[in-house]
Amino acid sequence: MQDVERLKQELNQLNAEYVKIKDIPPEERAEFGRKMNEKKQEILAQIAAAEKAAIDAAVEPLDITAWSGTNEALPEFYTAEMGSKHPLMTELDRVIDIYQLMGFDVVESRQLDDEFHMFDSLNFPKGHPARDGYDTFRTEEGLIPPAHTSTMQHRVLKKYKNNLASGKPIAVVVPGRVFRNEDVDATHEHTFYQCEGVYVSETCAMSDMLGILREFFEKYYEQKLNIRTQPGYFPFTEPSLEFMIEKPKSLGGKKGDYLEMLGCGMIHPNVLKMAGIDPEKYHGFAWGGGIDRLVMLRYGLKDVRLFESGNLNFLREF
Ligand code: DAH
């Protein structure tokens with residue numbers, strides 16, 4: 001820091017000299033000012049460099065490997081207010097792990113998409129009222145922050161369709177952030193997370209889908225579950241179902257307390273066709289559901305807004 005003090009003194013002297021400008025002939029003042037300013041910038045740059053060097057020298061690099069395998073706590077500076085992973089991301093990792101253990105690939109969705117992937121590629125007829133059901137945001141350029149992870153189905157089908165030719169199924173999950181122009185309340189957010197699943201093969205059937213979904217939910221909630229489906233409607237699946245689980249007793253559920261967890265169904269032949277997959281030869285199923293809701297049930301959370309709130313008291317509970 002000595003350097004910094006010395007440089008600051010130089011800067012003060014320079015500023016003091018600057019007043020002399022009034023004593024020199026007017027035609028020399030411009031040149032005098034320019035020179036003074038040049039010197040000033042030079043000193044300021046030296047001060048900045050000296051300050052940075054002083055900070056670098058004061059912070060000892062920490063060798064965190066020194067703590068591995070010991071029971072000693074890290075120095076307080078490194079633990080007091082360190083950030084931590086957001087609970088939704090921790091849970092999303094668990095979700096992905098479960099699917100990966102079942103053999104699914106993972107493709108991340110994107111946060112800005114277009115009309116084609118949001119609607120056309122998913123067999124929404126042009127001008128169909130179902131398009132209004134998704135409360136989509138639009139940018140001034142006409143792009144769409146995706147309202148569901150199904151926007152990725154077409155890309156996934158195209159990217160993986162060579163699997164089919166070599167006798168392998170398409171088995172992919174797509175986690176992602178989605179956006180809806182919703183009135184926000186304890187159970188609705190404008191920004192939330194979904195996970196999509198896509199499976200295509202020559203022989204797969206609805207029963208395989210129900211088996212995969214049961215397996216997923218039983219792994220996630222770490223217990224046996226009762227499941228149920230009811231008919232649903234999505235333009236991109238035929239037939240379409242809503243998948244429900246009976247709320248487990250351990251999570252405050254009563255018998256017959258069924259919760260809808262996601263939408264699913266057999267992929268519509270038009271969706272396969274648009275991606276260049278022959279629907280006469282191959283069948284597929286797909287599903288998509290909210291991660292926030294999944295996590296809320298697991299931890300007994302009552303207000304979805306907590307996730308996006310940045311509320312540190314809430315985050316510290318995890
Ligand atoms: N994308 C739908 C939604 O957000 C959920 C869904 C339904 C996804 C059926 C699917 C599906 O993949 O097959 O409401």
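In this predicted model, the count of salt bridges comes to 22. Side chains of opposite charge can pair when their charged atoms come close.

Helix α1, which spans residues 2-18, holds both R6 and E10. The side chains of these two residues, R6 and E10, meet in a salt bridge with an N to O distance of 3.2 Å. Their separation of 4 residues corresponds to about one turn of the helix.

K126 is exposed, with a relative accessible area of 67%, whereas D120 is buried, with a value of 18%. The reason for the second assignment is that buried means under 20% relative accessible area. K126 and D120 also belong to a network of salt bridges, in which they are linked with E115, R131 and R138.

What does V4 touch, once its neighbours within four places in sequence are left aside? The residues in contact with V4 are then I47, A50 and E51. A further relation concerns Q46: V4 and Q46 are 42 residues apart in sequence, yet their C-alpha atoms are 8.2 Å apart in space.

The packing of helices can be treated next. Two packed helices are described by the angle between their axes and the distance between the axes. For helix α4 (residues 87-101) and helix α7 (residues 206-221), the angle is about 135 degrees and the axes are 10 Å apart. The two helices, α4 and α7, are therefore oblique to each other; an angle has to be over 145 degrees to count as roughly antiparallel. The crossing of α4 and α7 is right-handed. On the α4 side the contact involves E91, R94, V95, I98 and Y99, and on the α7 side I212, L213, F216, K219 and Y220. By class, the residues of this contact comprise 7 nonpolar and 3 charged, with no polar ones.

Helix α7 also packs with helix α9, residues 291-299, their axes coming within 11 Å and crossing at roughly 45 degrees. That angle makes α7 oblique to α9, and the crossing is right-handed. In this contact α7 supplies F216, F217, Y220 and Y221, while α9 supplies L294, V295, L297 and R298. The contact of α7 with α9 has 7 nonpolar residues, 1 charged residue and no polar ones. Two residues of α7, F216 and Y220, take part in the contact with α4 and in the contact with α9.

Some features of the backbone complete the account. Which residues other than glycine have a positive phi? One of them is D135, with phi near 45 degrees. D135 is found in the loop between α5 (115-118) and α6 (153-165), and its relative accessibility of 32% means that D135 counts as partly exposed. Another is E222, which is not a glycine and has a positive phi of about 55 degrees. E222 is located in the loop between α7 and β4 (227-232); with a relative accessible area of 59%, E222 is exposed.

The peptide bond that joins E238 and P239 is cis, with omega about -5 degrees. P239 itself lies in strand β5, which covers residues 237-246.

Note on methods:
Residues numbered from 1 in each chain as written. Predicted model: local features only at pLDDT ≥ 70, side-chain atom pairs only at ≥ 80, totals over all residues. Heavy atoms only, no water. Axes fitted to C-alpha atoms, helices over the stretch in contact; angles between N-to-C directions. Parallel < 35°, antiparallel > 145°, perpendicular 65-115°, else oblique. Left-handed = near helix turned anticlockwise from the far one by under 90°. Contact = heavy atoms within 4.5 Å. Nonpolar A, V, L, I, M, F, W, Y, C, P; charged D, E, K, R; others polar. Salt bridge = Lys/Arg side-chain N within 4 Å of Asp/Glu carboxyl O. Buried < 20%, exposed > 50% of the residue type's maximum accessible area, 1.4 Å probe, protein only.
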